[in-house]
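Subject: Structure handover

Hello,

Here is the structure we talked about. Please open it alongside this message, as my notes follow below.

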Amino acid sequence: MRNGVINIYKERGFTSHDVVAKLRGILKQKKIGHTGTLDPEAEGVLPVCLGTGTKLCDMLTDRDKTYETILLLGQSTVTQDITGAVTACAEVTVTEENVKEAVMSFLGTYEQIPPMYSALKVGGRKLCDLAREGIEVERKARQVTIYEIEILDIRLPEVRMSVSCSKGTYIRTLCHDIGEKLGCHGCMKELLRTRSGAFFMQDSIRLSEVEQLRDEGRLSEVILPVDRMFEAFPAVVLKPQREKTGYNGNPLKKTDVEPEDEQSGQVRVYDRQGTFVGIYEYRREQKQYRPVKMFYEKQRETI
């Protein structure tokens, strides 16, 4: 079984679930999960976790992201993108300066109402399933943060821009909200995710390339080891007599590892063979390393 993370370029027409299903067939393993849904018509970076790397899914989903998008002014739709039925139209009489001012006003934190056509659940049901049945429910606004917006091109009624934002931000909704602020409606025409956390589009590969690398025996070149996600943390090594303690995810004393210096914050824990065991955090008040996330699997469980 392969363990780690692979940076996939999700192509248009595939759901994130489709990507996982296809990878299961290509790699001949079931333990695979993605790190954040991209709409079928969207393209771009989709980190996919393999084997023990699936324990990273929730951690990678929480990362900040960057998108390139095209905002189409003059209409709003039920889905807030051009795939949905048009609900309102208006003549676009705004100037480029009006557009720039409206777009930049969304910098920082703002209250965003999630769209009905989304995978969020209310009462155990996905909003998109309710929307397809013609049911609209009240959604609570959520705080999202727009860290940076760069307007790349304005050719009214279209505005192309790059957006860096916090997790949970809907770019479709941002486009809708900008259109409403301008008073002429708006929806998203295109979406390209160029970054997800530490994963960038220029390093991503398509499913066809994964298949080719598999046939050439070169998959290891594109699968990032799990511990690479924590390179910023210092590393400690279990002493031989304490390896079983570490494998079982038990607390560790500073004398159980090398170096024995008290480390502040989180550390990567390895055994003496270089196997990544997990992430621990040193707590000075208890004088112990406590487990945060375990990645060790017994040898008999691996293929």
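In this predicted model, Val5 stands opposite Leu224 in strand β14 (residues 223-224). β1 and β14 pair in the antiparallel sense over two bridges. Two strands count as paired if DSSP finds at least two bridges between them. Helices (H or I, at least four residues) and strands (E, at least two) are DSSP runs, numbered from the N terminus.

Two ground rules on the source. Residues are numbered from 1 along each chain as its sequence is written, and side-chain values use heavy atoms, with hydrogens and water left out. Because this is a predicted model, local features need pLDDT of at least 70 and side-chain atom pairs count only at pLDDT 80 or more, while totals for chains, interfaces and linings use all residues.

Strand β1 and its surroundings

Val5 also has a bridge partner in β3, namely Cys49. Seven bridges join β1 to β3 (residues 43-50), and the two run antiparallel. How many residues of β1 are buried? Seven of its seven. Buried means under 20% relative accessible area, exposed means over 50%, and partly exposed lies in between (1.4 Å probe, protein chains only). Gly4, Ile6, Ile8 and Lys10 point one way from β1. Val5, Asn7 and Tyr9 point the other way.

Arg2 is in the segment before β1 (4-10). Arg2 counts as partly exposed, at 32% relative accessibility. Its contacts (heavy atoms within 4.5 Å) include Leu27, Gln29, Leu50 and Leu219, leaving aside neighbours within four places in sequence.

In α6 (residues 207-215), Leu207, Val210 and Leu213 are buried. Seen down the axis, these buried residues fall within an arc of 120°, so they line one face of α6. The arc is taken from the directions from the helix axis to the C-beta atoms. What covers the buried residues of α6 includes β1 and α1 (16-27). Gly217 follows α6 and has a positive phi, near 70°.

The nonpolar cores

A nonpolar core is a set of buried Ala, Val, Leu, Ile, Met, Phe, Trp, Tyr and Cys residues joined through side-chain atoms within 4.5 Å. The largest one has 27 residues. Leu73, Val99, Met161, Ile171, Ile178 and Leu182 have the most contacts inside it. Elements that each supply at least two residues of this core are β4 (65-73), α3 (96-104), β10 (142-155), β11 (158-165), α5 (171-182) and β12 (186-196). The largest share, five residues, comes from α5. A second, separate core of 17 residues includes Ile26, Leu27, Leu46 and Ile205.

Ile171 touches Tyr67, Thr69, Val163, Cys165, Met188 and Leu191, not counting residues up to four places away in sequence.

Which residues of α3 are buried? Val99, Ala102 and Val103. They cover an arc of only 95° around the axis, which puts them on the same side of α3. They pack against β4, β10, β11 and α5. The face turned away from that buried side carries the exposed residues Glu97 and Glu101.

The six-stranded sheet

An open sheet of six strands has the order β16-β20-β19-β18-β15-β17, with mixed pairing. Its edge strands are β16 (252-253) and β17 (257-258), and each pairs on one side only. Six bridges join β18 (residues 265-270) to β19 (residues 276-283), which run antiparallel. Val267 stands opposite Tyr280 in β19.

Rings

Rings of Phe, Tyr and Trp (its six-membered ring) pair if their centres lie within 6.5 Å; planes under 30 degrees apart count as stacked, over 60 as edge-to-face and the rest as tilted. By this rule there are eight aromatic pairs. The ring centres of Tyr282 and Tyr289 are 4.8 Å apart and their planes stand at 65°, so this pair is edge-to-face. Tyr282 is buried at 5% relative accessibility, and Tyr289 is buried at 1%. Ring pairs also link Phe230, Phe233, Tyr270, Phe276 and Phe295 into a cluster.

The charged end of Lys181 sits over the ring of Phe106, 5.7 Å from its centre. The rule here is NZ of Lys or CZ of Arg within 6 Å of the ring centre and within 35 degrees of the ring normal.

Best wishes
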